[in-house]
Amino acid sequence: MNTDAQAASDEQDTVEAARIPLTRALEAMLFLADEPTSLVALATACGAPVAQVRDALAELQADYDGVDGIERAFELREIGGGWRLYVRDTYDEVLEDFIVTRQPPKLSQAALETLAVIAYRQPVTRQQVANVRAVNVDSVVRTLVARGLLEEAGQDGVTGATLYVTSDRFLEVLGINSLEDLPKISPLLADGHDLGDWQEEMA
């Protein structure tokens, strides 16, 4: 690109940027920031004088704090040498429930072991899993069903007990397309038996 063309492009960029109000440009940057951003950094990014950016930030603060009668759920704070958006303390309880729902706690060792048994043995009843783990697995299985990792698959033809299999959510969490993509278990067995032998021993 020649000098004249570059100058024209830069001028066009400046014109386009000028059409965006400074407060809105700052707001967009602050929404993306994952840590406090200094006044100088914001001014540099906007290509605006520091004093003008400071005034714009004050305007945003007033807007979020409800200067027009509508307080936002978030606020703008100057902290740690920079500026960042934060959710107001008022909404801590709501956010706690939201985070727990969206990001549930990691599975316990007992849950992981139970899930592994079912993944390789399915369809399987809770009693069959309990026989392998030598502990009651009722509550663990309920937890795995509630988390969407297991689902019911009818009843056992002999005992009438509920059969369990892994769900599509299980595949999604593991990042695999099918159960065929699960790691081969035979190398993990001390006696070198294959999966079929192991399953027969569990029956």
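Q: What's the chain built from, in helices and strands?
A: Keep in mind that this is a predicted model. The chain has 10 helices and five strands.

Q: And how much of the chain is buried?
A: Of the 203 residues, 29% are buried. The chain exposes about 13300 Å², and carbon and sulfur atoms supply 52% of that area.

Q: What share of the contacts join residues at least 24 apart?
A: That's 43%, counting contacts between residues at least 6 apart in sequence.

Q: OK, helix packing. How do H3 and H4 sit against each other?
A: H3 covers residues 39-46 and H4 covers residues 50-64; they pack at an angle of about 105°, with their axes 9 Å apart. Angles of 65 to 115 degrees count as roughly perpendicular, so that's what H3 and H4 are to each other.

Q: Which residues meet there?
A: From H3 you have Leu-39, Leu-42 and Ala-43, and from H4 there's Val-50, Val-53, Arg-54 and Leu-57. By type, the contact of H3 with H4 has six nonpolar residues, one charged and no polar ones.

Q: Switching topic: how many residues are in the largest nonpolar core?
A: There are 21, and Leu-115 and Leu-144 have the most contacts inside that core.

Q: Which helices supply at least two residues each to this core?
A: H6 (109-121), H7 (126-133), H8 (138-146) and H9 (168-174) each do. H6 gives the most, with six residues.

Q: Back to Leu-144, then. What is Leu-144 in contact with?
A: Setting aside neighbours within four places in sequence, Leu-144 is in contact with Leu-107, Ala-111, Thr-114, Leu-115, Leu-149 and Leu-150.

Q: And what about a second core?
A: There's a separate one of 16 residues, and Leu-22, Leu-26, Leu-39 and Leu-76 are among them.

Q: One more residue: where is Arg-133?
A: Arg-133 is in helix H7.

Q: Buried or exposed, that Arg-133?
A: Buried: the relative accessible area of Arg-133 is 19%, and the cut-off for buried is under 20%.

Q: What does Arg-133 touch?
A: Not counting residues up to four places away in sequence, Arg-133 touches Ala-110, Glu-113, Thr-114 and Val-117. Thr-114 also turned up in the list for Leu-144.

Conventions: Residues are numbered from 1 along each chain as its sequence is written. This is a predicted model: local features need pLDDT of at least 70, side-chain atom pairs count only at pLDDT 80 or more; totals for chains, interfaces and linings use all residues. Side-chain values use heavy atoms; hydrogens and water are left out. Helices (H or I, at least four residues) and strands (E, at least two) are DSSP runs, numbered from the N terminus. Buried means under 20% relative accessible area, exposed over 50%, partly exposed in between (1.4 Å probe, protein chains only). Contact means heavy atoms within 4.5 Å. Accessible areas come from the Shrake-Rupley method with a 1.4 Å probe; for residues, only the protein chains shown count as cover. Axes are lines fitted to C-alpha atoms, for helices over the stretch in contact, and angles run from 0 to 180 degrees between N-to-C directions. Angles under 35 degrees count as roughly parallel, over 145 as roughly antiparallel, 65 to 115 as roughly perpendicular and the rest as oblique. Ala, Val, Leu, Ile, Met, Phe, Trp, Tyr, Cys and Pro count as nonpolar, Asp, Glu, Lys and Arg as charged, and the others, Gly among them, as polar. A nonpolar core is a set of buried Ala, Val, Leu, Ile, Met, Phe, Trp, Tyr and Cys residues joined through side-chain atoms within 4.5 Å.
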